[in-house]
Amino acid sequence: MTDLGLLNPPQREAAEQIEGPVLILAGAGSGKTRALTFRMAHMIDMGIPAWSILAITFTNKAAKEMRQRVDALCGGGADEAWVMTFHACCARILRRDIEKLGYKREFTIYDEDDKMVVIKRLIKELAINEKNYPPRSVRSVISDAKNRMLSPQEWLEENPDARSKPYYKLYEAYERTLKSNNALDFDDLLVKTLELLSQHPPVLESYQRKFKYIMVDEYQDTNAAQYQLVRLLSGENRNLCVVGDDDQSIYSWRGADIRNILSFENDFPGCKVIRLEENYRSTSTILDAANEVIAHNRARKAKRLWTKGEQGERLRFFRALDEREEAAYVAENIQSRIREGVSPGEIAVLYRTNAQSRVLEEALVRKGIRYGVYGGLKFYDRKEVKDAIAYLRLLVNPADDVSLRRIINEPRRAIGDSTVDTLEAYARQEGISLLNAALACDRVGLGARAVSAVKGFTNLITSLLMKMMELSPGDFMQALIDDTGLIRQYENSKEPEDESRVENLTELVSAVTEYDHQNPEAGILGFLENVALVTDTDRLEEKSEMVTLMTLHSAKGLEFEAVFLVGLEEGIFPITRALMEETQLEEERRLMYVGMTRAKKWLYLCCAKSRFLFNQRFDNPVSRFVSEIPRELISSGRQAAGPARLGVANANQRLGAKVVTPAGAMQRTGGGAKMPLEGIPGVSKGFGARPQAQRSALFHAGDRVRHRSFGYGTVTEVRQEGKLVVVDFGERFGLKVMAADTAPMTLAEE
DNA sequence: ATCTTACCGATTTTT
DNA sequence: TCGGTAAGAT
């Protein structure tokens with residue numbers, strides 16, 4: 001029996017309020033997960049069948065944890081409950097009934113790469129100018145439209161200007177393509193589920209009958225489609241409990257709408273509001289600092305976390321000369337914490353962008369500290385793995401033309417672009433899939449060589465299809481990498497990196513075997529779904545021997561004894577793009593708040609005076625977020641530094657201005673080039689070499705110039721005897737200071 | 001058909 | 001620096 005006496009009064013209230021709508025406003029570290037798990041366990045104790053409970057979490061990892069914790073509390077009765085992310089939940093609903101929408105049960109889930117492939121093809125086909133309509137922006141237009149549940153037509157009505165037409169056409173064609181490929185993208189999982197539920201009342205009613213109780217965690221990060229879904233499913237009984245914290249809403253760029261949580265009370269009148277404001281995680285010093293920072297936001301519900309815990313130590317602030325010194329500082333301090341007895345698993349380094357991880361890794365390696373990086377390059381993103389997966393997808397879903405294109409000539413089997421284009425034309429004319437066109441290649445009008453090459457491919461596919469039915473998933477995966485020759489091409493290769501490709505393919509076989517072992521009913525289809533929906537970050541667990549490196553976004557929901565926030569510079573964090581708009585800046589501040597509140601005992605704030613990133617050197621002022629923390633809560637890091645060193649005074653002066661220093665500074669850090677990890681920082685083959693002969697005299701105030709990256713600009717000022725030039729690149733890039741002799745810039749002819 | 005080379009452009013966060 | 005792509009060479 002679950003002992004609710006272990007909860008504090010509001011937590012207990014949350015656990016006991018089972019009927020009707022409930023809004024739990026749970027501050028960081030307030031035992032939200034605890035309240036939720038106890039609530040669910042309590043429901044099961046009361047005799048509510050687990051299968052009638054739907055619990056939505058933000059990540060798969062959170063889902064797994066929650067299920068385990070509930071099981072532990074009530075002795076393993078949670079199996080039948082649906083505890084999963086929105087996307088996993090939708091995938092499950094659709095696997096059952098998507099045929100009602102004209103798709104086949106074996107639909108493929110396209111990832112971001114697949115989307116881009118489709119979009120790029122369509123841009124070519126529709127003869128749209130890629131410069132004016134870059135694929136990435138097309139992708140975001142489509143994704144935004146879907147998140148707001150707008151059809152192509154509806155989107156066009158909202159955006160009637162002439163520039164929108166190509167977007168509309170692309171969106172429309174994109175939809176058609178995915179449908180004919182029997183594929184859904186991530187957004188579709190939500191949108192198509194909504195379509196299914198709203199167009200087929202019996203299906204909706206069956207789920208409404210099933211799910212008597214619904215819980216949604218991280219409600220502040222739900223988007224319009226997710227909101228609708230929750231509304232539909234909770235139906236008349238309205239036994240809906242949502243949990244969230246408006247101060248931790250950090251996904252608006254993905255369509256999350258903070259208004260969902262702010263207006264819950266209006267949407268579900270009569271709802272019970274419960275506030276969890278007692279923090280059990282951090283020291284009072286850390287909490288005060290975080291409270292002060294977040295108080296600078298205007299768009300928020302007023303609240304203030306408090307703790308009975310001890311005061312703890314002051315925050316440490318350190319401003320390094322460059323990113324290397326910053327990394328060294330982090331590594332040094334991690335090392336001494338570990339020597340004090342802190343477990344490496346209780347230490348995290350958090351950064352704004354994945355690109356910042358490399359220099360940190362180098363520093364940790366040098367100190368011999370074990371670490372794990374989460375996010376960034378994923379196992380299933382590697383080329384060889386994606387190829388193998390593409391074969392699987394095609395075998396499961398023969399309509400998947402994107403996967404077919406990827407592997408029809410991988411490994412090389414002499415099927416070139418022109419052959420595929422011919423097949424494509426035939427397929428279009430006959431209204432069939434590319435695979436079917438390939439099977440009919442006799443009739444397509446190809447040369448004899450091409451026909452035999454294509455036949456080789458289709459024979460391979462047919463024989464694999466037979467094997468797929470006979471063999472276990474694991475054995476089949478092994479057969480696949482052997483029969484296709486995927487692994488052979490790397491085994492015979494001399495390239496050193498191909499060795500790891502072989503390893504990865506072998507690891508993929510183990511992954512399938514392992515998955516099949518744990519999910520005997522799911523089969524290859526289940527495995528593919530798992531690949532699409534489960535990210536590497538979800539597998540962060542039992543790595544207690546390693547220091548964690550991750551982005552601030554992935555750190556949501558986690559906690560560590562010691563946390564290092566690095567790159568606290570204007571332009572990095574807050575990131576340049578957020579400096580313009582108040583709402584975006586507030587989201588960055590929430591991200592800062594999330595980062596700070598991950599720390600239990602020690603919080604380090606780090607930044608660099610000068611940083612090499614994106615192949616450029618930046619001289620950024622200290623992040624404004626640092627100056628929003630009361631001085632008395634901070635002590636400086638390694639070197640003695642008065643408050644002046646905080647650099648607060650100039651924090652706003654040079655807002656966003658990037659300074660590219662002369663070649664000398666670049667050399668000092670070897671131009672940011674990667675050095676051998678175990679090597680000694682000595683001779684590095686910097687690319688900056690020698691400044692060329694006096695180009696300095698080349699530029700004068702008033703000159704029109706053209707820069708490789710920033711385009712045309714006007715020289716506004718020349719400094720230091722012509723060594724530095726200040727150039728105005730207009731609205732998009734603004735003022736830049738660069739070294740006259742190294743900047744990739746020339747005089748522009750008038 | 002495939003390999004080689006030379007350019008250009010871009011760089012947030014992720015279910 | 002990196003990766004993707006377009007044009008040229010074998």
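1. Helix H16 (residues 357-367) has Ser357, Val359, Leu360, Glu362, Ala363 and Leu364 as its buried residues, where buried means under 20% relative accessible area, exposed over 50%, and partly exposed in between, with a 1.4 Å probe and protein chains only. The cover over these buried residues of H16 includes helix H15 (323-340), strand S10 (347-351), strand S11 (371-373) and strand S12 (547-551); helices (H or I, at least four residues) and strands (E, at least two) are DSSP runs, numbered from the N terminus. After H16 comes Gly368, with a positive phi near 70 degrees.

2. A word on the basis of this note: this is a predicted model, in which local features need pLDDT of at least 70 and side-chain atom pairs count only at pLDDT 80 or more, while totals for chains, interfaces and linings use all residues. Residues are numbered from 1 along each chain as its sequence is written, chains are lettered from A and ligands numbered from 1 in the order in which they are written, and side-chain values use heavy atoms, with hydrogens and water left out.

3. For chain A as a whole, the secondary structure comes to 29 helices and 22 strands, and 55% of its 750 residues count as buried. Among the contacts in chain A with a separation of 6 or more, 74% are between residues 24 or more positions apart, contact meaning heavy atoms within 4.5 Å.

4. At the start of H11, Asn223 places a side-chain oxygen within 3.1 Å of the backbone nitrogen of Ala225, and H11 is followed by Gly235, which has a positive phi near 50 degrees.

5. How do helix H22 (residues 473-483) and helix H24 (residues 497-518) cross? Their axes, which are lines fitted to C-alpha atoms over the stretch in contact, with angles from 0 to 180 degrees between N-to-C directions, come within 7 Å and cross at roughly 160 degrees. H22 and H24 are therefore roughly antiparallel to each other, since angles under 35 degrees count as roughly parallel, over 145 as roughly antiparallel, 65 to 115 as roughly perpendicular and the rest as oblique. The contact involves Pro473, Gly474, Met477, Gln478 and Ile481 of H22, together with Leu505, Leu508, Val509, Val512, Thr513 and Asp516 of H24. These residues divide into seven nonpolar, three polar and one charged, where Ala, Val, Leu, Ile, Met, Phe, Trp, Tyr, Cys and Pro count as nonpolar, Asp, Glu, Lys and Arg as charged, and the others, Gly among them, as polar.

6. Some backbone angles deserve a careful look, given that most residues other than glycine have a negative phi, and most peptide bonds are trans. Ala127, in the loop between helix H5 (112-125) and helix H6 (135-147), has a positive phi of about 55 degrees although it is not a glycine, and Ala127 is exposed, with a relative accessible area of 68%. Asn182, in the loop between helix H8 (164-180) and strand S5 (183-185), also has a positive phi, near 55 degrees, but Asn182 is buried, with a relative accessible area of 6%.

7. The bond from Glu410 to Pro411 is cis, with omega near -5 degrees, and Pro411 lies in the loop between helix H18 (401-407) and helix H19 (417-430). The bond from Phe573 to Pro574 is cis, with omega near 5 degrees, and Pro574 lies in the loop between strand S13 (560-565) and helix H26 (582-596).

Notes:
A polar contact is a pair of N or O atoms within 3.5 Å; within protein, one must be able to donate a hydrogen and the other to accept it, and residues adjacent in sequence count only if both atoms are side-chain atoms.
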